[in-house]
Amino acid sequence: MSTTIAPTGVLLGNFTPGTPEWDEARKGLCITATEIAAVVGLSPWQSRFSLWHKKAGLPTAPFEPSPQMKWGSRFEDDVAEEFAERHPEHPLLHTGTWRHRDRVWQRATPDRLWGNSITEIKTAASDEGWGPDGSDIFPVHYRCQVLWQQDTLGLYAPARLAVLILPYDYREYVVEYNPDEARVLREAAERFLNDVRRGNRPDIDGDTATYQTIRVQADGLEDRDVEIPFGLVCRWDAAYEQLAKASAGLTQVRGEVLDLIGNGRRAVCEGRRIAYRTVRDGHTHSLNPYPIREDNAA
């Protein structure tokens with residue numbers, strides 16, 4: 001039996017997600033494992049812009065958990081139970097919120113500890129972005145999250161990522177600790193926190209989280225005109241013209257794809273999945289695209 005290695009990080013406490021105590025352990029000028037991907041521009045849920053406003057104590061859009069987050073939380077114990085059954089060598093333990101022993105701004109709340117390593121639990125709606133069981137191919141923002149957890153707790157043994165790809169495809173992935181990648185994340189986090197302290201707001205980008213953050217900055221409504229630059233107006237007009245053309249083109253191509261699918265489930269091309277149908281009461285409910293990945297791009 002292998003020797004269990006204790007984490008070198010500092011345990012702040014065991015808090016229930018969403019409680020005031022949990023929020024208190026995560027607020028202020030710190031970066032958590034779920035935030036580090038946003039710092040480096042890789043998060044699908046928040047942007048550097050939205051995270052900057054949160055850390056600066058400025059208004060942010062109300063958090064509304066997505067259906068994936070909701071069901072992921074409900075399935076967490078079930079996925080963990082499957083992992084524990086397959087790996088009885090060590091108990092699979094709940095853990096709390098940790099900070100690095102030296103860098104008090106570096107925080108993490110892993111899902112579980114197993115022996116001398118971390119186990120993170122996920123649920124996915126499809127297998128896009130997920131490689132074969134046992135590989136190290138999985139969405140990059142999860143790599144950022146787990147690597148940050150390893151670095152924060154000082155547990156450098158290969159971590160495990162256990163995922164249930166709905167409805168019943170269970171897979172496990174290995175997350176090797178890489179000190180060079182961890183250093184890149186730490187340096188990015190330090191620069192980000194310094195920008196917060198100095199009031200250096202990130203540029204506005206095209207992320208939905210950025211737009212939602214801007215929406216809640218103004219307080220009230222004043223009946224006045226605000227002059228904006230001519231160059232911005234040109235971009236405004238061009239963007240809306242492109243949107244109108246793209247909308248018509250998208251409607252057409254969706255119709256052509258749906259027509260070819262017929263009663264089929266998925267549209268594919270040379271091994272690549274393009275879109276899939278969902279059906280309710282015998283009729284097509286929605287035509288859904290699979291994410292476009294760089295390795296699938298022409």
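Colleague: P167 lies in the loop between β7 and β8. What is the omega of the peptide bond from L166 to P167?

Modeller: This is a predicted model, in which local features need pLDDT of at least 70 and side-chain atom pairs count only at pLDDT 80 or more, while totals for chains, interfaces and linings use all residues. Residues are numbered from 1 along each chain as its sequence is written, and side-chain values use heavy atoms, with hydrogens and water left out. Helices (H or I, at least four residues) and strands (E, at least two) are DSSP runs, numbered from the N terminus. The bond from L166 to P167 is cis, and its omega is near 10°.

Colleague: How many helices and strands does the protein chain have?

Modeller: The C-alpha atoms of the chain fill a box of roughly 65 × 55 × 35 Å along the principal axes. Within the chain, the secondary structure comes to eight helices and 11 strands.

Colleague: What share of the 298 residues of the protein chain counts as buried?

Modeller: Buried means under 20% relative accessible area, exposed over 50%, and partly exposed in between, with a 1.4 Å probe and protein chains only. By that rule, the share of the 298 residues that counts as buried is 36%.

Colleague: E270 has a positive phi although it is not a glycine. Is E270 buried or exposed?

Modeller: The phi of E270 is near 50°, and the residue sits in the loop between β9 (266-269) and β10 (272-280). Because its relative accessible area is 82%, E270 is exposed.

Colleague: I31 is found in the loop between α1 and α2. What is its relative accessible area?

Modeller: Contact means heavy atoms within 4.5 Å. The C-alpha atoms of I31 and K55, 24 residues apart along the chain, are separated by 8.9 Å. I31 counts as buried because its relative accessible area is 0%.

Colleague: Which elements do the buried residues of α3 pack against?

Modeller: Six of the eight residues of α3 are buried, namely F49, S50, L51, W52, H53 and K55. Just after the helix, G57 takes a positive phi of about 75°. The elements packed against those buried residues are α1 (20-26), α2, α6 and α7 (208-215).

Colleague: What is the volume of the second largest pocket?

Modeller: On a 1 Å grid over the protein atoms alone, with a 1.4 Å probe, a pocket is an open set of points with protein on both sides within 12 Å along at least five of seven lines. Grid points are joined across faces, edges and corners, and a volume is the space filled by probe spheres set on the points. For the second largest pocket, this volume is about 660 Å³.

Colleague: Which element gives the largest share of the lining of that pocket?

Modeller: Lining residues have an atom within 4 Å of a point; of the 24 here, S126, E128, G129, P139 and P291 are the closest to the pocket centre. Two or more lining residues come from each of β6 (117-124), α5 (140-153) and β11 (283-289). The largest share, three residues, comes from α5.

Colleague: N288 lies in strand β11. Which side chain makes a polar contact with the side chain of N288?

Modeller: N288 counts as buried because its relative accessibility is 17%. A polar contact is a pair of N or O atoms within 3.5 Å; within protein, one must be able to donate a hydrogen and the other to accept it, and residues adjacent in sequence count only if both atoms are side-chain atoms. At 3.0 Å, the partner of the N288 side chain is the side chain of S286.
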